[in-house]
Amino acid sequence: MSSISGADATRTPSTASGSPRRVPILWLALLATPVAAASNAAVLILGAMSRSFDVTTATASWLVTVFGLALAVATPLMATLLRRRGTRAALWLSAAFVAAGTVLVAVSPWLALTLVGRAAQAVGGAGMTTIAMNLAGTARRMGVISAGTGILGAVGPLLGERLTDAVSWRAALSILGVTLLAVPAVSRHTAPAPPAEGRFDARGAVMLAVLSSGLVLLPSNPLPALAVAAVAALLLAPHIRRRPDGYVPAAALRSGLFRGSVLIALVLSASYFTLLFAIPRLISDRAGWSTGAVAAGQMAAMIAGSVSTLFFAAVSARLGRTLVRAVLLTAGALAVAGAVLSHSALVLLVAIGMAVFGATGANATQSMVAASAVPGRQRPTVIGLFQLGYLMGGALGPALATTLVLR
């Protein structure tokens with residue numbers, strides 16, 4: 001594939017979305033960013049949830065695990081729906097999942113049914129994020145979405161705790177419902193979908209879902225998850241050769257642009273989520289800060305890092321692909337070095353700020369580079385696969401933090 005400039009890589013029209021005019025970015029941000037808050041809202045309220053269901057905290061933590069697993073598995077699936085049925089169908093189906101899941105979370109008296117609700121929320125959230133990223137179109141607009149995601153991800157735990165204290169943990173887990181406010185406005189900017197081409201690659205979808213599930217569950221069940229992921233990968237490889245235009249486009253896997261972008265996103269996401277869980281313990285152990293001070297400091301640092309993504313994404317088209325990647329990888333490397341070597345609380349906070357900048361910056365810029373590696377109608381699918389790689393980093397990060405710091 002011929003190379004493209006950094007500017008070209010950041011101008012990715014949503015040809016498959018069926019959108020006749022550009023959706024205002026604030027509506028797209030409202031559509032996508034509540035997913036980050038919903039994902040992190042349960043971090044500080046596991047105790048309240050476990051008491052409500054009279055189960056252990058470890059059992060209640062499945063409300064977090066199931067959300068992350070469903071989010072990862074559903075992201076490429078919703079991207080394929082977007083490609084085949086258009087933005088409008090994907091948008092309203094995602095809204096239905098969010099609404100139904102939120103109702104279940106709000107009223108269900110049983111843990112099992114609440115888990116179903118969380119899974120439904122995640123499926124809807126995956127669709128909302130995929131739609132917003134597909135309609136963004138440029139790295140500058142993608143930067144707004146990524147920065148907003150980082151900011152809401154930073155405030156999610158504290159917001160969840162405050163809602164639990166003021167109302168209940170069910171209100172905290174219903175944050176995702178806010179995304180429904182953007183649905184009518186975004187829908188007005190959509191057009192009927194073009195006819196779907198070819199039949200749906202159900203076998204490829206199932207194998208990728210199994211592979212994704214194995215990788216997400218790797219931290220909690222390493223040997224069974226690794227075996228499942230390995231078998232799925234071995235079956236998926238020949239299937240992609242037989243169906244090169246199927247659920248996992250062979251053109252994307254052959255592209256160095258796509259592979260490099262996904263690898264950068266995976267590495268920086270894993271680094272960020274590792275430090276997200278490790279930095280509070282490191283600051284407490286090395287600098288003696290209280291839990292409240294650590295939480296406030298980390299939130300401020302993460303918001304600063306997320307805001308920096310806005311400015312970086314705005315100028316990334318003028319910097320060129322190589323320099324953009326160098327900046328992101330340098331930020332990630334300095335974040336890790338600061339966490340490993342420093343005993344200063346300030347340096348450790350700077351490290352988490354740089355880590356979130358690297359991860360959200362990669363999400364904003366490299367998703368556009370990845371999308372540019374394939375023909376227009378495959379771009380929604382490729383963005384979904386890129387997001388899957390980013391979410392894999394989010395799944396591996398907490399496990400690395402537990403192994404290296406929290407044990």
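Me: At 4% relative accessibility, is Asp201 buried or exposed?
Reply: Happy to start there, and do keep in mind that this is a predicted model. The cut-off for a buried residue is under 20% relative accessible area. Asp201 has a relative accessibility of 4%, so Asp201 counts as buried.

Me: Which residue forms a salt bridge with Asp201?
Reply: Side chains of opposite charge can pair when their charged atoms come close. For Asp201, the closest N and O atoms of the pair are 3.9 Å apart, and the cut-off for a salt bridge is 4 Å. The partner is Arg243.

Me: How many residues apart are Asp201 and Arg243?
Reply: This pair links distant parts of the chain. Asp201 sits in the loop between helix H10 (183-187) and H11, while Arg243 sits in the loop between helix H12 (222-242) and helix H13 (250-254).

Me: Arg243 has 23% relative accessibility, so what does it count as?
Reply: Buried would need a value under 20%, and exposed a value over 50%. At 23%, Arg243 falls in between and therefore counts as partly exposed.

Me: How many salt bridges does the structure hold?
Reply: One of them is the Asp201 and Arg243 pair. Another joins Arg162 to Glu161. The total for the structure is 2.

Me: How far apart are the closest N and O atoms of Arg162 and Glu161?
Reply: Glu161 is partly exposed, because its relative accessibility is 27%. It forms a salt bridge with Arg162. Their closest N and O atoms are apart by 3.3 Å.

Me: Let's turn to the surface. Which residues form a positive surface patch?
Reply: A patch residue needs over 30% relative accessible area. Arg203 has 55%, so Arg203 is exposed, and its place is in helix H11 (residues 202-216). The positive patch is formed by Arg199, Arg203, Arg241 and Arg242.

Me: What is the area of the nonpolar surface patch made by Val206, Val210 and Val228?
Reply: Val228 lies in helix H12 and is partly exposed, because its relative accessibility is 39%. Val210 is in helix H11 and is likewise partly exposed, as its relative accessible area is 35%. Together with Val206, they make a nonpolar patch of about 220 Å².

Me: Which residues is Val210 in contact with, leaving aside neighbours within four places in sequence?
Reply: Gly177 is 33 residues from Val210 along the chain, and their C-alpha atoms are separated by 28 Å. Contact calls for heavy atoms within 4.5 Å. Beyond its sequence neighbours, Val210 is in contact with Val228 and Ala232.

Me: Now for some buried positions. Which residues does Ala37 touch, not counting those up to four places away in sequence?
Reply: Ala37 is found in helix H3 (residues 34-40) and is buried, because its relative accessible area is 2%. Ala154 is 117 residues away in sequence, yet 7.7 Å away in space, C-alpha to C-alpha. The residues touched by Ala37 are Leu152, Gly153, Gly156 and Ile175.

Me: How far apart in space are Ala41 and Gly160, C-alpha to C-alpha?
Reply: Ala41 is in the loop between H3 and H4, and it is buried, because its relative accessible area is 0%. Beyond its sequence neighbours, Ala41 touches Gly156, Pro157, Gly160, Ala172 and Ile175. Ala41 and Gly160 are 119 residues apart in sequence, and in space their separation is 4.4 Å.

Me: Which residues does Ser146 touch, not counting residues up to four places away in sequence?
Reply: Ser146 has its place in helix H8 (residues 139-166) and is buried, because its relative accessible area is 2%. Val307 lies 161 residues away along the chain, with 9.3 Å between the two C-alpha atoms. The residues touched by Ser146 are Thr309, Thr360, Asn363 and Ala364.

Me: One last item: what is the phi of Asp54?
Reply: Most residues other than glycine have a negative phi. Asp54 is in the loop between helix H4 (46-53) and helix H5 (57-60), and it counts as exposed because its relative accessibility is 71%. Although Asp54 is not a glycine, its phi is positive, at about 55 degrees.

Definitions and conventions
Residues are numbered from 1 along each chain as its sequence is written. This is a predicted model: local features need pLDDT of at least 70, side-chain atom pairs count only at pLDDT 80 or more; totals for chains, interfaces and linings use all residues. Side-chain values use heavy atoms; hydrogens and water are left out. Patches are made of residues with over 30% relative accessible area and no salt bridge: like charges are joined within 9 Å, nonpolar side chains (Val, Leu, Ile, Met, Phe, Trp, Tyr) within 5 Å. Accessible areas come from the Shrake-Rupley method with a 1.4 Å probe; for residues, only the protein chains shown count as cover. A salt bridge is a side-chain nitrogen of Lys or Arg within 4 Å of a carboxyl oxygen of Asp or Glu. Lys and Arg count as positive and Asp and Glu as negative; His and the chain ends are not counted. The place of a charge is taken as NZ of Lys, CZ of Arg, CG of Asp or CD of Glu. Helices (H or I, at least four residues) and strands (E, at least two) are DSSP runs, numbered from the N terminus. Buried means under 20% relative accessible area, exposed over 50%, partly exposed in between (1.4 Å probe, protein chains only).
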